[in-house]
Structure formats: C-alpha cells, structure tokens
Amino acid sequence: MEQQPQTPLPPPDDQQQPPDAPSNPPAPVPYPPLDRLTQVQDVIDRTTAIFTSAVGLIQAQAPPMPVDPTLPVVYEKASDLTQAVSRDLVFHAKVFDALVDKLPAITVSEEEQISRLQQLEEENHKVGLQLEKTVAMAEAFLEEIRSTMRIIANDQHDFYRRD
C-alpha cells in the first residue's frame, strides 16, 4: 500500500513575522471589535483546536513499536506538517500572551475590591427597594385608571340605554 505524501500547511495568513522574533510579539489576529476577554477566549479556542489536531497528528506519525523483535519496522520520518502545526501553536500562544498583556491590571487590593462590592450591593438593595415602591405605585395607578374606565364605561352604557 503506497502512502501519498502529505502537503505541509501554509503558515497562517496573519503571521507577518517569524515566530521566533523576540522583540516584536505578534499582532493579535484581526477581529471584529470585540472586548479583550472575548478575543482571549477566541484565541484559546483556536489554540485548543490546533492542539487537538497536533495530538492526532503526533499519534498518526509516531514511530511504530515492534510487536515481534524479529520483524523489521518500517517508519517514515515526520512530515513538515508537524512543524507547521507547531509553528501555529507557538504563534497562537504568543497572540494569547499579547492579548493578556493588554488586559487592564488590577490596581486595587482585595480588601478594596470587597469593600466596593459591598457598597455596590447596598446601592443595589436601595435601588431595588425604590423599584419595588415604584412598581407598587404604578400598579395602584393602573388600578385607579381601570376603576375610572369602568365608571366611564358604565356611565356611557347608562347614557345610551336611556335613549
């Protein structure tokens, strides 16, 4: 059975520099305007897909282990496809690092964060109470309107009934 040679994958279109250029990390993959966390999640998803493909490729191209030491084992060296997948993994890891570096830093302590969260919870509780009061007032007003409409409808009914 003759194996067909595998063609290597071309490098990603968005790869402008060689992956080993230390001074300039790769620019993030062009995205529609998304928030940073969504971009990071997308890069993680892409990296996971590439990693899954790489594991399958490694399994397919791993050297066979002889079952019987007397039988020869025929093995072809791994193709350029393995190197292309490796470059893609490294590239996406660098994109991930660049995106994470652009995330805003935490500038307050944990105690300050907890204090701010408690303050926001108190504000939320006050606004929630105000909302409940407003809804109750709106429901009372609605009932008053309905009652007035019933009175008007009855008066109209009685007026036309006399004729």
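Biologist: In this predicted model, how should I read the accessibility of Glu143, and does the residue count as buried, exposed or something in between?

Modeller: A residue is called buried when its relative accessible area is under 20% and exposed when that area is over 50%, with partly exposed lying in between. Glu143 has a relative accessibility of 38%, and therefore it counts as partly exposed.

Biologist: Which residue forms a salt bridge with Glu143?

Modeller: The general idea is that side chains of opposite charge can pair when their charged atoms come close. In this structure the partner of Glu143 is Arg150, and the closest N and O atoms of the pair are 3.6 Å apart. Arg150 is also classed as partly exposed, because its relative accessibility is 47%.

Biologist: How many salt bridges does the structure hold, and where does Asp42 find its partner?

Modeller: There are two salt bridges in the structure. Asp42 pairs with Arg46, with 3.4 Å between the closest N and O atoms. To read their placement, recall that an α-helix has 3.6 residues a turn, so residues three or four places apart point the same way. Asp42 and Arg46 both belong to helix H1 and are four residues apart, which is about one turn of the helix. Asp42 is partly exposed at 23% relative accessibility, and Arg46 is partly exposed too, with a relative accessible area of 33%.

Biologist: What span does helix H1 reach from its first C-alpha to its last?

Modeller: Helix H1 runs over residues 36-61, which makes 26 residues, and it reaches 37 Å, close to the 38 Å expected at 1.5 Å a residue.

Biologist: Which residues of H1 are buried, and what covers them?

Modeller: The buried residues of H1 are Gln39, Val40, Val43, Ile50, Ala54, Leu57 and Gln61, and their cover includes helix H2. His92 lies in H2, which spans residues 80-101. Since its relative accessible area is 6%, His92 is buried. Leaving aside neighbours within four places in sequence, His92 is in contact with Val43, Arg46, Thr47 and Ile50.

How values were computed
Residues numbered from 1 in each chain as written. Predicted model: local features only at pLDDT ≥ 70, side-chain atom pairs only at ≥ 80, totals over all residues. Heavy atoms only, no water. Helix = DSSP H or I, 4+ residues; strand = E, 2+ residues; numbered from the N terminus. Buried < 20%, exposed > 50% of the residue type's maximum accessible area, 1.4 Å probe, protein only. Contact = heavy atoms within 4.5 Å. Expected span 1.5 Å × (residues − 1). Salt bridge = Lys/Arg side-chain N within 4 Å of Asp/Glu carboxyl O.
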